[in-house]
Structure formats: structure tokens, C-alpha cells
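Hello,

Here is the structure I promised to pass on. My notes on what turned up follow below it.

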Amino acid sequence: AGLTRVANLTTPSERDVEASIKVDVDKAATGTGERTALIVRRVAANTEYRGRVRVDNLGRVWVAAARLDGTATEVAIGAEGHVGGITAGPGVPIMLKTSVKGINPTTIRVKAWRASDAEPGTWNVTRTDSTPAVQAPGGVGMTSYLSSHVTNAPVQFRYDDFSVVGLNDPPVAQGSGSCGNKHLGFCGAGA
């Protein structure tokens with residue numbers, strides 16, 4: 001297993017949200033790559049929806065919708081999607097945006113783009129899911145994962161421009177903030 005770092009905000013608890021974050025790393029991806037996810041509906045420990053971005057060892061960018069079903073093992077909702085036309089690496093931050101809306105089914109949308117570019121108008125991945133445990137309001141957060149196959153640890157993930165907006169009609173809770181370029185470091189590849 002690799003190393004995972006998580007930061008959660010348990011309040012406010014919302015059903016429909018859109019979250020975004022800028023992420024950068026200090027070293028190029030090796031092994032199976034580096035992953036960051038936006039948690040957009042955390043109902044309970046290990047029960048959540050998330051949208052994630054993965055940078056592979058060639059610098060290619062991939063996005064996916066996923067959930068946790070009561071364990072720490074991520075379950076993909078549909079196939080991972082390649083974000084064409086961009087590559088990422090140290091000093092080339094990526095924006096990740098994830099939206100979650102509705103219940104039975106819930107629609108999870110994910111997109112990523114180079115932070116220096118304009119936000120694309122379309123989502124890279126749109127998936128639906130009706131897993132019972134996640135059909136309720138929840139908190140938000142972020143998580144990063146460094147595979148045990150990474151050969152250049154430690155790797156430092158840098159975050160900025162974290163934003164969460166409620167999508168209720170009319171909005172019940174809206175918020176936006178910045179992580180102030182907070183850093184999350186991994187000190188080894190794990191076992």
C-alpha cells in the first residue's frame with residue numbers, strides 16, 4: 001500500500017456541491033503516478049463520493065469519479081478518462097473541479113485543466129451512481145495518494161485556491177477560500 005493524506009471539513013453538510021482546487025507537486029510522477037481527489041460528499045468515515053486527478057509517469061493527466069463504500073478502498077464509478085492536450089509535472093499546476101448533485105441517482109462530474117489555461121466548458125467525466133450509503137448530505141475535503149511503486153519519494157503536494165460552492169436552488173451555503181498554498185508532504189513510499 002502507498003501513503004494517503006486526507007483533510008476533511010465536516011460542516012457544513014451539503015448534498016449538492018461543486019469544489020475545485022489547484023494542485024502541484026515538487027517531483028515528476030514515477031511508478032503508477034500521483035493522485036489527488038476532491039471529496040464532494042463525505043457522509044461518514046470511508047463513505048464518500050470523490051473526483052480525482054491522476055498524473056501518470058509520462059505526465060499524462062487522467063480523471064475519474066469514485067466512491068468509498070465503508071472501507072478505505074476506492075471504487076471507480078466507470079472508467080478513468082484521459083484529459084487530452086495537456087501534460088503535468090513539477091511547476092505545472094493542474095486545476096481539479098468536481099461536482100456532485102442529486103440523489104438516486106447522484107451525478108458526479110469531474111474535469112481537470114492546466115491552471116494557466118482557461119477552464120474548459122465541458123466535463124471530462126460524467127457518471128451516475130445510486131449506492132445507498134452515499135445518498136445523503138455530507139462534508140467536503142481533499143486527499144492525495146502516493147503509490148508504493150513511486151521511486152522518488154518523498155513527494156510534496158502543494159494546494160491552493162480551494163473552493164466549495166453549494167449548488168442548492170437557491171444556494172443554502174456557499175463558501176470559497178484558499179488553502180494559502182499549504183503543503184502536504186509524503187515522507188516515504190510506504191509498504
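The count comes to 16 salt bridges, where a salt bridge is a side-chain nitrogen of Lys or Arg within 4 Å of a carboxyl oxygen of Asp or Glu. Please keep in mind that this is a predicted model, in which local features need pLDDT of at least 70, side-chain atom pairs count only at pLDDT 80 or more, and totals for chains, interfaces and linings use all residues. Residues are numbered from 1 along each chain as its sequence is written, and side-chain values use heavy atoms, with hydrogens and water left out.

Arg 15 pairs with Asp 16, with 2.9 Å between the closest N and O atoms. Asp 16 is buried at a relative accessible area of 2%, while Arg 15 is partly exposed at 32%. Buried means under 20% relative accessible area, exposed over 50%, and partly exposed in between (1.4 Å probe, protein chains only).

Lys 97 forms a salt bridge with Glu 18, and their closest N and O atoms are 3.4 Å apart. Lys 97 sits in strand β8 and Glu 18 in strand β2, so this pair ties together parts that are 79 residues apart in sequence. Strands are DSSP runs of E, at least two residues long, and helices are runs of H or I, at least four; both are numbered from the N terminus. Lys 97 counts as buried, at 13% relative accessibility.

Glu 74 and Arg 50 meet through their side chains at 2.9 Å, N to O. This pair also links distant parts of the chain: Glu 74 is in strand β6 (residues 74-76) and Arg 50 in strand β4 (residues 47-55), 24 residues apart. Glu 74 is partly exposed at 21%, and Arg 50 is buried at 11%. Salt bridges with shared partners join Arg 42, Glu 48, Arg 50, Arg 52, Arg 54, Glu 74 and Glu 80 into one network.

Now the overall build. The protein has zero helices and 14 strands. Of its 191 residues, 47% count as buried. Take contacts (heavy atoms within 4.5 Å) between residues at least 6 apart in sequence: 64% of them join residues at least 24 apart. The protein exposes about 8400 Å², and carbon and sulfur atoms supply 52% of that. Those areas come from the Shrake-Rupley method with a 1.4 Å probe; for residues, only the protein chains shown count as cover.

Next, the core. A nonpolar core is a set of buried Ala, Val, Leu, Ile, Met, Phe, Trp, Tyr and Cys residues joined through side-chain atoms within 4.5 Å. The largest one holds 35 residues, and Val 61 and Ile 94 touch the most other members. Strand β2 (residues 17-25) gives the most to this core, with five residues. Val 61 is in contact with Val 53, Val 55, Val 83 and Ile 94, among others, leaving aside neighbours within four places in sequence.

Leu 96 lies in strand β8 (residues 94-101) and is buried, with a relative accessible area of 0%. Its C-alpha is 4.6 Å from that of Ala 112, which is 16 residues away in sequence. Beyond four places in sequence, the residues Leu 96 touches include Ile 21, Leu 38, Val 53 and Val 110.

Thr 47 is in strand β4 and is buried at 9%. Its contacts beyond four places in sequence include Arg 41, Leu 68 and Val 134.

Last, some backbone details. The peptide bond from Asn 104 to Pro 105 is cis, with omega near 10°. Pro 105 falls in the loop between β8 and β9 (106-114). Asn 104, found in that loop as well, has a positive phi near 50° though it is not a glycine. Another cis peptide bond joins Ala 153 and Pro 154, with omega about 5°. Pro 154 is in the loop between β11 (138-146) and β12 (156-166). Asn 46 has a positive phi of about 60° and is not a glycine either. Asn 46 lies in the loop between β3 (34-44) and β4 and is partly exposed at 29%.

Best wishes
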